[in-house]
Number of protein chains: 2
Amino acid sequence: MTRYARLAAILSQRIEQGLYPAGDRLPSVRALSQEHGVSISTVQQAYRQLEERQLVEARPKSGYFVRPRRAPAALPAVTAPVQRPVDISQWEQVLELIRSKPRAGLIQLGRGMPDIAEPTMKPLMKALRDAARHGDLRSLYYDSIQGVSALREQIARLLLDSGCRIDAEQLMITTGCQEALSAGLRAVCRPGDIVAVDSPCFHGTMQTLKGLGIRALEIPTDPLDGISLAALEMALEQWPVKAILLTPNCNNPLGYIMPEANKRRLLTLAQRHDAAIIEDDVYGDIAYQYPRPRTIKSFDEDGRVLLCSSFSKTLAPGLRVGWIAPGRYLERVLHMKYIGSGSTATQPQLAIADFIRHGHYLLHLRRMRARYQQNRDRMTDWIMKYFPAGTRVSQPRGGFMLWIELDEEFDTLRLNRYLEQQGVQIAVGSIFSASGKYRNCLRINYAAKLSAEIEQAVLRVGATVQQLMAADTLARSD
Amino acid sequence: MTRYARLAAILSQRIEQGLYPAGDRLPSVRALSQEHGVSISTVQQAYRQLEERQLVEARPKSGYFVRPRRAPAALPAVTAPVQRPVDISQWEQVLELIRSKPRAGLIQLGRGMPDIAEPTMKPLMKALRDAARHGDLRSLYYDSIQGVSALREQIARLLLDSGCRIDAEQLMITTGCQEALSAGLRAVCRPGDIVAVDSPCFHGTMQTLKGLGIRALEIPTDPLDGISLAALEMALEQWPVKAILLTPNCNNPLGYIMPEANKRRLLTLAQRHDAAIIEDDVYGDIAYQYPRPRTIKSFDEDGRVLLCSSFSKTLAPGLRVGWIAPGRYLERVLHMKYIGSGSTATQPQLAIADFIRHGHYLLHLRRMRARYQQNRDRMTDWIMKYFPAGTRVSQPRGGFMLWIELDEEFDTLRLNRYLEQQGVQIAVGSIFSASGKYRNCLRINYAAKLSAEIEQAVLRVGATVQQLMAADTLARSD
């Protein structure tokens, strides 16, 4: 542990123990430097770390103060989906969401869009321009169907951070994570098969199951620990489950990180029942903890885990660059990728490889981790302030999505119709279920710079929820 | 008709009638200018046109000469594939072809790569750089799942040239033509269905059928007129054909353009048997004739034709920008596109839209049409010179592929193994059949600038064919 980390640990312990109460001024930098016999800059680094962790705040010309502890929001309940294989519905609502385009006067709180306006993205724009240099025709070629090898090598290096040792030759570049998931599913399953999913579950994945004629078996999921292993085990015993499809790190929409022990146990269950695991790690690199959490893939021994990810959430979705580490299914995934869309566009691959190689990617991640974590707390505060009492909110440990659970009777589809007229877009909960559950839930995005305009939008959502609830109460009492 | 075109017509008629025999010197520019009362530059333009049409050749300081008439090569036979639905094989050979990457010392005659080094491509590189301008974040966004509307509008305009009036809202951008074909097939068919295809047929399409568990019904095909309508009609009567999948314009690999009357009759047949038509028009814009040929889609009345194309052959494949006009299947194709790969990369779409809007695309097409036509004749000459007597060669009317048919007993898979050692790559005929037919055929690409190096490669292929044939004859006579 470095000196400043040690100092930060001491200070945070004192804050936790109440030695420095909320709102109090903390010892000055000079005083701490003398007390602990460390340099001024070490103390400053320690305070910066505590700031990032939201424990202290700097006030100009006054020093550092203990931040008021927020009462944590009530968590959503453990989910209770239908526990038998079902065909997937909800395409119309998904279509509505994905057809919406950025336009003036619309606040899009519904989509999975990261913040692309940070200055740490600038070198990427330059790399894109450089990849289209006059005279350099590489951007125009078909590259190998597996993807540009320079990029695969960089990804192989990044994967070490999640505990994975995967050779670049065992990786395939895909057109976004969506193609990774889609090709992975096609490689493992046939129409009519059953796939177990965490529930709620990303709508793109669910619609893929629908498109392939695969039935979903939704497994109850805890908002802090993820998929219920007890329920999964029962399901595996009862049904011929071909694959388990889940997002264990910075889950979309719930935001949890599965405990490492659960990841290991899940893998053992899959081995025992000979099911493949399709692991969506698309938000894994923007977990708020550092080092980032491990993947299930990192424990894989027999190649049954297909790890899927992309740069759509960490960099930008418009690049359409993802990847898959398909384990023993490499050749089948290659076939599915070939027939699905052929190679992936070359220029963005070249640009991203360059961006990572020069260290810009890790720098960008560091910034975004801190930014999103701050945004989560602010957005949670707004929800608690503007939404009715009793609203339950997830506590994401990574990513930039909040899952909000309202009264059981509440209908977010109806809410959405009212919000459209007010220029606010949310993601309704029902698209995260195979069978239209979670109608009383919604997902909102807190990636963008949290401006007064966004606060206004959240206020409008909260007020509309309140109004609809009041109207319902009135109707019921009639 | 312009003056120079009129003069060119007079001169070409005189050549045809033998007034100016092959090898003879033609009248000087000055003499023609006086004879016809036109300017020097008009005569020069007329001669340039005749040069492009390969009727005359300029010899430095000597003037223009009538080119020797080439005896046309013998055409490949009308194909006779198995006329029942079959499951598709040949994946291993396709894999070998698509895994090969450009590298020093390898002449790739096998792949479907256009010439990307022409100066008319330069504005596209600039447009790619411009699309990644500092401060312009559009390249990073998800755009609509249907694709960038500025590009769809340009494509709608281009489609008028093939007789299609299609609204931009009825178009979808895809990740290459491969995704258009794949999403189209998925929208129309289910596993176990039967699809009729022209035979030989593009290997990417066939592998898509394989991947989707669809059976192919290969229809005999004429090397000049395309798919046999009589055979198709019989097949439609005998089998429950869900869709007809074909490339009527500048067919890959045969190069023919289906006569317009046949296109209309095929549509009528499809209507009568309620089959969808999946029309691959990826080479249509580089037909040698101008204006370009019409599509079957241009006659479509009830939205049963799904027109698929891309900029991979007219511009560059590494851009991965294609499109589909899916008629009545729009929403299903949208679903398949969404689950297959999500949106298509934004930056290449913006760049291509810009390139077309400024007139660079049509300029580039004009240049490539002339270039590819010249290359076709030169490559055909080389084949006739270096391959054994009796070799049959297609007469492509667009694109940049030659289909070569050898003795019935000849095995191009074996040929390929020998050629690998010599740094030449070809496409073996069997990947163009669902059931491994056409082993005695090969396809070669004549897109690149036909250097002495490429002539050497063709010579090596021809010599190896000769040697293998001689060895076979010897073996048989033993």
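Tutor: Let's start with the words for the pieces of a chain: helices (H or I, at least four residues) and strands (E, at least two) are DSSP runs, numbered from the N terminus. Using those names, B:M121 is found in the loop between β3 (107-108) and α5 of chain B. Keep in mind that this is a predicted model, where local features need pLDDT of at least 70, side-chain atom pairs count only at pLDDT 80 or more, and totals for chains, interfaces and linings use all residues. As for conventions, residues are numbered from 1 along each chain as its sequence is written, chains are lettered from A and ligands numbered from 1 in the order in which they are written, and side-chain values use heavy atoms, with hydrogens and water left out.

Student: Is B:M121 buried or exposed?

Tutor: The general idea is a cut-off on relative accessible area: buried means under 20%, exposed over 50%, and partly exposed is in between (1.4 Å probe, protein chains only). B:M121 has a relative accessible area of 2%, so it is buried.

Student: Which residues is B:M121 in contact with?

Tutor: Contact means heavy atoms within 4.5 Å. Leaving aside neighbours within four places in sequence, B:M121 is in contact with B:I116, B:L315, B:A316 and B:H364, and also with A:L140 from chain A. For a separation in both senses, take B:M121 and B:I296: they are 175 residues apart in sequence and 29 Å apart in space, C-alpha to C-alpha.

Student: What about A:D87, is it buried or exposed?

Tutor: A:D87 is exposed, because its relative accessible area is 59%. You'll find A:D87 in the loop between β2 (63-66) and α4 (91-99) of chain A. Beyond its neighbours within four places in sequence, A:D87 is in contact with A:R215 and A:A434. Sequence and space can be compared here too: 119 residues separate A:D87 from A:M206 in sequence, and 9.6 Å separate them in space, C-alpha to C-alpha.

Student: How many residues are in contact between the chains, and what area is buried?

Tutor: On chain B, 63 residues are in contact with 63 residues of chain A. Buried area is the accessible area (1.4 Å probe) that two parts lose on being put together, summed over both. Between chain B and chain A that comes to about 5,800 Å², with 65% of it from carbon and sulfur atoms. B:L140, B:Y142 and B:Y338 supply 15% of the area that chain B buries against chain A, more than any other three residues.

Student: How many salt bridges and polar contacts are there across the interface?

Tutor: A salt bridge is a side-chain nitrogen of Lys or Arg within 4 Å of a carboxyl oxygen of Asp or Glu, and the count between chain B and chain A is zero. A polar contact is a pair of N or O atoms within 3.5 Å; within protein, one must be able to donate a hydrogen and the other to accept it, and residues adjacent in sequence count only if both atoms are side-chain atoms. By that rule, 22 residue pairs are in polar contact across the interface (both at pLDDT 80 or more). Among the helices of chain B, α11(B) gives the most to the side that touches chain A, with seven residues.
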